Amino acid sequence: MKTYRTKMLRLVSMALAFALVFSLANVQNVEAKTKKKNIVVLYFSATGTTRGAAKKIGKATKGNVIEIKAKKPYTEEDLDYGDENSRVSKEHASAKTPARSKVRPKIANITAIKKAVKKADVVYIGYPIWWGEAPHIVYSLVENVSLKKKTVIPFSTSISSGLGSSGKHLKVKAQISSKTKWMKGRNFYDVPSQKTVNKWVKSLKY
């Protein structure tokens, strides 16, 4: 009888131990899934439209919104794409695509951006569309800031065209790894409403 009781106690103890281990594993799994992600929203904005979109994304994600500041700020004359001698026109004419160009405007706050991105899990990168592509300064960003092991989401603003292949072209030149999750992203044709941004952010699976 004592032997039987001893065996039963051992079996019950083993069952309880197994249940405890299984329970702890489930808790850890749930915590991993619900852990708040560190989000950074980077943006370059020449006229303010992309800034507006970035701030809405920042509000929707509760992310850290950081402007990509050109060391040499773009003036109104610089942005005159109708003038072949303007700064943006010369950047555009430097190569067939920005990805092939050697023009890489310097970023004034690159150190602060690197620190923020290093701590981030998810990185949104926003920019206006110029001649169907991301501006050259955005290439300065992806080529100099490590996006390894990050989830990257490009977004753009353009009245006349969509995101196009700009995100794919940035990915080719970016510092990424096999663990980087580069998502498709989207374009906003103006400063979007908060409701529109909330719906888009919610639809993203990262």
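# Helix packing and architecture in a predicted model

Helix 5 and helix 6 pass one another in a right-handed crossing. The structure described here is a predicted model. Its secondary structure consists of seven helices and six strands.

**Overall architecture**

- The protein has 206 residues, of which 41% count as buried.
- Its accessible surface amounts to about 12,900 Å², and carbon and sulfur atoms account for 55% of that area.
- When contacts between residues at least 6 apart in sequence are considered, 78% of them link residues at least 24 apart.

- Helix 5 is largely enclosed by the rest of the structure, because seven of its nine residues are buried.
- The buried residues of this helix are His136, Ile137, Val138, Tyr139, Ser140, Leu141 and Val142.
- Apart from neighbours within four places in sequence, Ser140 is in contact with Arg104, Pro105 and Ile107.

**The pairing of helix 5 with helix 6**

- Two packed helices are described by the angle between their axes and by the distance between those axes.
- For helix 5 (residues 136-144) and helix 6 (residues 166-173), the axes come within 8 Å and cross at roughly 40°.
- Helix 5 is therefore oblique to helix 6.
- Helix 5 contributes Val138, Tyr139, Val142 and Glu143 to the contact, while helix 6 contributes Ser166, His169, Leu170 and Lys173.
- Sorted by class, the residues of this contact between helix 5 and helix 6 are four nonpolar, two polar and two charged.

**Loop residues with positive phi**

- Trp131 is situated in the loop between strand 3 and helix 5.
- The phi angle of Trp131 is near 50°, which is a positive value in a residue other than glycine.
- With a relative accessibility of 39%, Trp131 counts as partly exposed.
- Lys149 is found in the loop between helix 5 and strand 4 (151-157).
- Although Lys149 is not a glycine, its phi is positive, at about 65°.
- The relative accessibility of Lys149 is 62%, so this residue counts as exposed, the cut-off being over 50%.

**The pairing of helix 2 with helix 7**

- The axes of helix 2 (residues 49-61) and helix 7 (residues 194-203) come within 9 Å, and their crossing angle is roughly 55°.
- Helix 2 is consequently oblique to helix 7.
- The crossing of helix 2 with helix 7 is right-handed.
- On the side of helix 2, the residues in contact are Lys56, Ile57, Lys59, Ala60 and Thr61, and they meet Gln194, Val197, Asn198, Trp200 and Val201 of helix 7.
- In terms of class, five nonpolar, three polar and two charged residues make up the contact of helix 2 with helix 7.

How values were computed: Residues numbered from 1 in each chain as written. Predicted model: local features only at pLDDT ≥ 70, side-chain atom pairs only at ≥ 80, totals over all residues. Heavy atoms only, no water. Axes fitted to C-alpha atoms, helices over the stretch in contact; angles between N-to-C directions. Helix = DSSP H or I, 4+ residues; strand = E, 2+ residues; numbered from the N terminus. Parallel < 35°, antiparallel > 145°, perpendicular 65-115°, else oblique. Left-handed = near helix turned anticlockwise from the far one by under 90°. Contact = heavy atoms within 4.5 Å. Nonpolar A, V, L, I, M, F, W, Y, C, P; charged D, E, K, R; others polar. Buried < 20%, exposed > 50% of the residue type's maximum accessible area, 1.4 Å probe, protein only. Areas by Shrake-Rupley, 256 points an atom, 1.4 Å probe, with all protein chains shown as cover.
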